[in-house]
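Hi there,

Here is the structure I promised to pass on. Have a look at it first, and my notes follow below.

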Amino acid sequence: MSTTKISRLAPNLVGFQTIIRREYNRIMRIWGQTLVPPAITATLYFVIFGNLIGRRVGDMSGYTYMQYIAPGLIMMTVITNSYGNVVSSFFGAKFGKHIEELLVSPMPNYLIVMGYMMGGILRGLLVGAVVSAIALAFTHLHVVHPFIVISAVLLSSIVFALAGMVNAIFAKNFDQISFIPTFILTPLTYLGGVFYTITLLPEFAQRLSHANPILYMVSAFRFGFLGVSDVDVKLSFIIMITAVVALFSSCIWLLYKGVGLRE
Amino acid sequence: MKALSLKGLTKTYKNGVQALKGIDLDVEEGDFFALLGPNGAGKTTAIGIVMSLVNKSGGKVHVFDHDIDTELAAAKACIGLVPQEVNFNMFETVSTILLNQAGFYGMPRHVAHDRLEKYLHKLQLWEKRNAVARGLSGGMKRRLMIVRALLHEPRLLILDEPTAGVDIEVRRSMWEFIREVNAAGTTIILTTHYLEEAETLCRNVAIINQGRIIENERMGTLLRKLNVETFILNLRNPIVTAPVMIDHKITLADDHTLEVEISREQSINNVFAHLTANGVEVMSMRNKANRLEELFLDMVERGNNTNKQAV
């Protein structure tokens with residue numbers, strides 16, 4: 001390792017911590033927008049779908065409907081919040097031009113990407129913890145494979161934090177940062193087995209569902225809790241790890257080329 | 001050592017506009033350097049490339065011998081930038097903005113706190129340390145950007161129109177402070193539309209027009225190129241017509257004011273002798289325009305005419 005690389009290591013770590021601290025402070029400063037809405041939405045889901053409708057639905061894959069949807073609802077919250085944090089924070093910095101504070105600094109691109117990614121993970125996990133606590137008020141959350149639960153939630157959070165960054169890099173206005181969450185992310189999440197097992201679907205719809213990456217994340221996470229899954233869990237992890245590598249490389253390349261940031 | 005060296009720097013934007021057409025420029029360490037030019041001349045593009053906010057199309061940039069193509073982090077660590085437009089988070093407090101910036105440059109938090117206090121005091125912003133940025137006045141925002149650029153104590157400070165929109169009192173105190181920073185050894189590159197500012201502060205100057213450097217000289221040498229100066233004379237008593245002189249153009253601005261053109265070779269004594277002989281008493285005299293301003297306008301105009309003829 002060259003002297004320059006060694007001498008930049010400590011300052012780079014300070015820079016990395018600074019981005020994470022700034023993201024954490026941002027999440028807490030606007031807690032009314034970041035932490036409260038997912039808690040209210042999750043409560044409504046548990047009351048309406050889990051409790052009122054769920055009683056009529058009966059068991060699903062051997063568990064009460066409430067137990068079945070709880071992991072899916074937690075994962076849905078983690079995904080949307082990890083994505084939402086990075087896309088809004090990074091695009092906000094671009095729009096307000098304060099992204100230039102980072103671009104003119106000596107921080108390497110990979111640490112800028114990792115810093116924003118950590119912000120996404122932080123919000124995803126914070127909100128996920130809030131929703132898990134709400135779920136505990138409605139049902140017993142039983143964990144069969146803790147390691148799978150942790151690794152599935154972390155990898156999913158990383159995937160969507162990085163995807164949010166790609167969206168923010170390309171976005172030119174606020175419409176473009178709400179387009180993907182509204183028209184792509186939400187439908188894929190609802191159709192990704194959060195509320196049902198895909199075995200209930202007709203054959204063609206089941207095959208179609210296998211093209212939805214969120215199905216693999218929800219299924220792996222649910223497998224960690226309940227030990228049941230709609231897909232092969234190994235395949236889920238392969239897909240998540242591949243997505244992380246592809247998206248992380250894309251973000252670094254986009255920052256290096258200055259796409260959407262430098263003329 | 002050269003603080004900044006640009007060699008054959010070119011930039012062509014996607015829309016085909018050639019903002020820089022092969023710029024060569026050297027700024028020596030410790031210099032106070034003015035980079036002047038009309039709007040759209042390419043100043044901000046050149047600075048943007050040095051700061052890696054704009055991708056260059058060709059050429060080389062070295063900052064204290066660090067090539068930005070191969071040692072970008074080392075080059076960036078040497079520079080502090082005060083940009084033309086306000087570019088901090090308006091929802092954060094003054095202290096948070098500064099601590100974040102210090103962190104991005106890898107400064108430990110206790111060091112950042114000490115420097116923040118030192119520079120906020122120097123630029124009279126200490127009382128505003130907990131104020132949210134959007135509540136600051138225009139002058140305070142400019143000063144905050146200067147503090148932010150200085151926190152990591154850069155060897156090269158680039159000020160892109162730092163006093164735009166700032167009242168004269170604040171502007172003068174900012175000049176004093178920037179002079180102190182330069183005297184302490186920091187190289188300074190200044191772009192400004194206030195040419196009086198450049199003439200007063202800078203030792204060397206480059207004029208950029210239509211993407212090319214059209215002049216790069218010591219300030220004194222450049223000012224000596226000014227052939228004709230116009231002086232304004234305030235008279236004690238009113239007069240109806242301007243006295244006529246063969247060698248000088250004298251015009252009557254109003255009944256108490258004369259404008260006299262005097263070339264570099266001519267003596268001003270002749271003018272006074274002629275006016276005295278005609279019973280005109282002069283109370284005071286001043287330059288009609290700042291000397292650099294006259295020269296700048298002349299050079300830019302000549303450059304534009306040359307380009308028009310070439311087309």
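A quick definition before the helices: an axis here is a line fitted to C-alpha atoms, for helices over the stretch in contact, and the angle between two axes runs from 0 to 180 degrees between N-to-C directions. Please keep in mind that this is a predicted model.

In chain A, the axes of helix α7 (residues 146–170) and helix α10 (residues 213–226) come within 8 Å and cross at roughly 160 degrees. Angles over 145 degrees count as roughly antiparallel, and α7(A) and α10(A) are therefore roughly antiparallel to each other. The crossing of α7(A) past α10(A) is left-handed. On the α7(A) side, the contact is made by A:Ile148, A:Val149, A:Ala152, A:Val153 and A:Ser156. From α10(A) come A:Met217, A:Ala220, A:Phe221, A:Phe223, A:Gly224 and A:Phe225. By class, the residues of this contact are 9 nonpolar and 2 polar, with no charged ones.

Now to where the chains meet: 25 residues of chain B are in contact with 25 residues of chain A. On chain B's side, the elements that give two or more residues are α2 (72–77) and α3 (94–104). That side has 15 nonpolar, 8 polar and 2 charged residues.

Two backbone spots in chain B may also interest you. Most residues other than glycine have a negative phi. B:Phe64, however, has a positive phi of about 45 degrees and sits in the loop between β4 (58–63) and β5 (66–67). B:Glu153 has a positive phi of about 50 degrees, and its place is the loop between α5 (138–150) and β7 (156–160).

Best wishes

Methods. Residues are numbered from 1 along each chain as its sequence is written. Chains are lettered from A and ligands numbered from 1 in the order in which they are written. This is a predicted model: local features need pLDDT of at least 70, side-chain atom pairs count only at pLDDT 80 or more; totals for chains, interfaces and linings use all residues. Two residues are in contact if their C-beta atoms, placed from the backbone, lie within 7 Å. Helices (H or I, at least four residues) and strands (E, at least two) are DSSP runs, numbered from the N terminus. Ala, Val, Leu, Ile, Met, Phe, Trp, Tyr, Cys and Pro count as nonpolar, Asp, Glu, Lys and Arg as charged, and the others, Gly among them, as polar. Angles under 35 degrees count as roughly parallel, over 145 as roughly antiparallel, 65 to 115 as roughly perpendicular and the rest as oblique. A crossing is left-handed if the near helix is turned anticlockwise from the far one by less than a right angle, and right-handed if clockwise.
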